[in-house]
Amino acid sequence: MNTAHLRFPCFLGRRVHLGVTGSISAYKSLELLRLLVDSQISVSATLTSSGQRFIGAESFQALGAVAVHTTMFPDVPTDDPFAHLTPSRAADAFVIAPATANILAKIAHGIADDMLSTQALAFRGPLILAPAMNPAMWAAPATRENWRTVLERGGVGVGPAAGAVACGDTGEGRLSPVEHIFAAVLRALSPKDLLGRNILVTLGPTREPWDAVRFLSNPSSGLMGACLAVSAWMRGATVNVVAGPTSFDFPPGITVTPVNTAQEMLTAASELFPAADIACCTAAVCDFRPVPPASGAERKLKKRDLGSCLPSIELLANPDILRTLGATKRHGQTLIGFAAETDDLLAQAKLKLAEKHLDLIVANRVGVPGSGFESATNAVTVLDRTGRVEQWPELPKTEVAWRIWDLLQHL
Ligand code: CTP
């Protein structure tokens, strides 16, 4: 799965405690550990005795966990006789993935009869729980009640997902995708300075069909918009994404409207814009759409029907979504645009800022390494409606997104 939109560098040095209980999906917690460690987060872990039947402590050590607990009373005394309190004193967030019905019951009822349940009982920070169990166990009245209790007390639930489970049954009970659990942990570690804001993000390319199998498009990956959407959600905003074709999977807390064409993107964005406090148009919208061949847009044009003549393609102008939103912008709404330029970056960006009634424009060069389409990084110049201009060095797009939201607090 593409995780480029979740690779934020700003969590360096944060501390997370990872609990692993007895489920066939326990091996997936190693992938969660990798994602956290790759983000420079310091991870300690506790495996219950059932968890250790599925996965070994050595794997967690090998993949970078700073401490791995397996029992409350080790045969050989450790340097830390208060390990059952360490997460409550040191960790910024506590995640249990997978979480069995048993650990949910213990947490709901304050049972502390092993290392993990004792650490969880003592912990006062954000607790993220990703259940995994047989669908009948998940549906059992006792588990429903326990789940309600832990969520009411502030626990953050991720999943479970529906589908086939290891025992052959089908239903709700699968561990959620690891990327969703990872995103929930990052959200728990993030400030909530966009709480209460409704944010609309357009992203990705559009595809303008010519016939049934051919279309006009561009190489936009949608990464910049995906980073903006995810970081806004992590910082507390309600986020609606209108996405052209991209490969990103968004956390379930983000509402995604998939579209193909510029016209579809305009319709979706126009419906969502009135309720938005901030709209951020990052999409690489095709400015033109082809007029379908005489055989029609629903059919595949056959070469043999052409004889020796090559078809010439006529283009029609597409709507400018950002300009349309700018024209209907009400007092108090903030509109952010992007500008992809090969020449006269500053002048072009200034023009677009004024013409499209923007509050902020983020301009970058296309066709240079380290910036623009399909790149994980971007070197941007940011201009706001007050005339302020800032030039940022080449940064990961996740970092650019984070800084844009920082900047907006002072606009
Ligand atoms: N945009 C849009 N709808 C379009 C074209 C652009 O919403 N049909 C938005 C983009 O999402 C971006 C901004 O307008 O936020 C600028 O897009 P860009 O491609 O840089 O410029 P254009 O306005 O299309 O002008 P040009 O292609 O002439 O540079």
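A polar contact is taken here as a pair of N or O atoms within 3.5 Å; within protein, one must be able to donate a hydrogen and the other to accept it, and residues adjacent in sequence count only if both atoms are side-chain atoms. The model is predicted, so local features need pLDDT of at least 70 and side-chain atom pairs count only at pLDDT 80 or more, while totals for chains, interfaces and linings use all residues. Residues are numbered from 1 along each chain as its sequence is written, and side-chain values use heavy atoms, with hydrogens and water left out.

The ligand is surrounded by 15 residues (a heavy atom within 4 Å), the closest being Cys281, Ala283, Phe338, Lys352 and Lys356. By class, this shell comprises 9 nonpolar, 2 polar and 4 charged residues. Strand S17 (334-341; strands are DSSP E runs of at least two residues, helices H or I runs of at least four) supplies the largest share, 4 residues. Helix H11 (321-328) supplies at least two.

Backbone N or O atoms of Pro319 and Ile321 lie 2.9 Å and 3.0 Å, respectively, from a nitrogen atom of the ligand. A polar side-chain atom of Lys356 lies 2.5 Å from a ligand oxygen atom. The protein covers 76% of the 560 Å² of accessible area that the ligand has on its own (Shrake-Rupley method, 1.4 Å probe).

Lys356 also forms a salt bridge with Asp320 (2.7 Å, N to O), the criterion being a side-chain nitrogen of Lys or Arg within 4 Å of a carboxyl oxygen of Asp or Glu. Asp320 lies in the loop between strand S16 (315-317) and H11, and Lys356 in the loop between helix H12 (345-355) and strand S18 (360-365), so the pair ties together parts 36 residues apart in sequence.

Conventions:
Ala, Val, Leu, Ile, Met, Phe, Trp, Tyr, Cys and Pro count as nonpolar, Asp, Glu, Lys and Arg as charged, and the others, Gly among them, as polar.
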